[in-house]
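Please keep the sequence and the coordinates at hand while reading.

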Amino acid sequence: MTNLLEDLSFRGLIQQMTDEEGLNKQLNEEKIRLYSGFDPTADSLHIGHLLPILTLRRFQLAGHHPIALVGGATGLIGDPSGKKAERTLNTADIVSEWSQKIKNQLSRFLDFEAAENPAVIANNFDWIGKMNVIDFLRDVGKNFGINYMLAKDTVSSRIESGISYTEFSYMILQSYDFLNLYRDKNCKLQIGGSDQWGNITAGLELIRKSEEEGAKAFGLTIPLVTKADGTKFGKTEGGAIWLDKEKTSPYEFYQFWINTDDRDVVKYLKYFTFLSKEEIEAYAEKTETAPEKREAQKRLAEEVTSLVHGREALEQAINISQALFSGNIKELSAQDVKVGFKDVPSMEVDSTQELSLVDVLVQSKLSPSKRQAREDIQNGAVYINGERQTEINYTLSAEDRIENQFTVLRRGKKKYFLVTYK
């Protein structure tokens, strides 16, 4: 069996680690508890959160006990990491609601019913919310020197632009999380993105100062995901790629992964899938020898979409993708059309209304004028549900509707328009 740290190293999932020898010994001698924190700064996690979540899962599959910590308290404060300005503070009600949604999302990836090592969800509001300011300053804040805190990247990077005491204190709150979980759950390892290194090591320092001599805990950070072309990972023209299917549909999610650059695909297979080293190396070779087949991208998209949204959603995403590629729109269900054409311009019409194709092309702005619309039809540039229509006087009928709800028009190769019926 592959050593867990060796596997993480092969996958490029270790950026920094405290006491590698000690941690490796600990992991081999016993099944430890570890945690990673997720602040509710939105009503859904996004794919930037996948790496720490899946790393927790890797530890669980190796027999260890993961704790997913939802930051119900720290989410009210705001982490200064990676930010150039103060976050907008959300109300307690909103943070509480988002915390619950994030709990539900985390349950897709971690096994909370495992017989031997069930995952645990915790919320730091349960202990931070009970503290009064005197206890916080005396018992926790007393352990942090200002010079020590100023030296941390999360703080020093904000000194010039300005940082409030609120965000300045975030490091102390996160450190207290580690101490609390160490005491109550015997949690010995915190993992997080490389931007969390300063917060993690501050937590280790608090444990060292607060507990008896010989108290031992560890920290491990994961690299922040980058793209070879220099653009930000997890962002598209439409915004962030969310794990909530209502915010990013499984089809859009699948498309994000299938469009991965050849230069990134092997790295992402290592990061985001549970394929073996041998399987990944085989896909690396295929990417080198036959990149046009995009086999690695297809497997990546299938693995991650299935993991996040399930097999049924994956099959729908593949079905939509194949229909759009082949032009066989008629094969899609109304639900498929709704998902696949979510961001396509559309108009709603009365189902009893007769519509000439020329008029629809002009109203939809697919063609700038009736004259151009007729030319487009005559030249074979207009498609109804994927089928070319060359009859100038054609009128849309009930037979052109998919499940009596949609008609998909296309002009040229890529200009789509959706007619919906009421």
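Which residues make a nonpolar surface patch of about 430 Å²? The patch is made by Val133, Ile134, Leu137 and Tyr165. The structure is a predicted model, in which local features need pLDDT of at least 70 and side-chain atom pairs count only at pLDDT 80 or more, while totals for chains, interfaces and linings use all residues. Residues are numbered from 1 along each chain as its sequence is written, and side-chain values use heavy atoms, with hydrogens and water left out.

**Nonpolar surface patch**

- Patches are made of residues with over 30% relative accessible area and no salt bridge, like charges being joined within 9 Å and nonpolar side chains (Val, Leu, Ile, Met, Phe, Trp, Tyr) within 5 Å; accessible areas come from the Shrake-Rupley method with a 1.4 Å probe, and for residues only the protein chains shown count as cover.
- Helix α6 (residues 133–140) gives the largest share of the nonpolar patch, 3 residues; helices (H or I, at least four residues) and strands (E, at least two) are DSSP runs, numbered from the N terminus.
- Ile134 lies in helix α6 and is exposed, with a relative accessible area of 52%, where buried means under 20% relative accessible area, exposed over 50%, and partly exposed in between (1.4 Å probe, protein chains only).

**Salt bridges**

- A salt bridge is a side-chain nitrogen of Lys or Arg within 4 Å of a carboxyl oxygen of Asp or Glu, and by this rule the count comes to 18.
- One of these salt bridges is formed by Asp19 with Lys216, whose closest N and O atoms are 3.2 Å apart.
- This pair links distant parts of the chain, 197 residues apart, with Asp19 in the loop between β1 (16–17) and α2 (20–29) and Lys216 in the loop between α11 (197–210) and β6 (218–222).
- Asp19 is partly exposed at a relative accessible area of 35%, and Lys216 is partly exposed at 38%.
- Within helix α11, Arg208 and Glu205 lie 3 residues apart, about one turn of the helix, and their side chains meet in a salt bridge (2.6 Å, N to O).
- Arg208 is exposed, with a relative accessible area of 52%, whereas Glu205 is partly exposed, with 23%.
- Asp261 and Arg263 also meet through their side chains in a salt bridge (2.8 Å, N to O); Asp261 is partly exposed at 27% relative accessible area, while Arg263 counts as exposed at 56%.

**Nonpolar cores**

- A nonpolar core is a set of buried Ala, Val, Leu, Ile, Met, Phe, Trp, Tyr and Cys residues joined through side-chain atoms within 4.5 Å; the largest one has 58 residues, and those with the most contacts inside it are Leu50, Trp257 and Phe272.
- Leaving aside its neighbours within four places in sequence, Leu50 is in contact (heavy atoms within 4.5 Å) with Phe109, Leu243, Trp257, Phe272, Val304 and Val308.
- A second, separate core has 30 residues, including Ala73, Ile77, Val140 and Phe144.

**A buried loop residue**

- Ala114 is found in the loop between α4 (92–106) and β4 (120–123), and is buried, with a relative accessible area of 16%.
- The C-alpha atoms of Ala114 and His65 are separated by 9.9 Å, although the two residues are 49 apart along the chain.

**The annotated span and strand β15**

- An unreviewed UniProt entry lists residues 356–417 as "domain: RNA-binding S4"; UniProt positions are given in the numbering used here, feature names are shortened, and annotations may be inferred rather than shown by experiment.
- The end C-alpha atoms of residues 356–417 lie 15 Å apart, and the span is 26% helix and 27% strand.
- Thr420 is found in strand β15 (residues 415–421) and counts as buried at 16% relative accessibility.
- Apart from neighbours within four places in sequence, Thr420 is in contact with Met347, Glu348, Val349, Gln405 and Phe406.

**Backbone angles**

- Most residues other than glycine have a negative phi.
- Asn385, although not a glycine, has a positive phi of about 50 degrees; this residue lies in the loop between β11 (382–384) and β12 (387–388) and is buried, with a relative accessible area of 1%.
- Phi of Asn404 is also positive, near 60 degrees; Asn404 is found in the loop between β13 (395–396) and β14 (406–411) and is partly exposed, with a relative accessible area of 46%.
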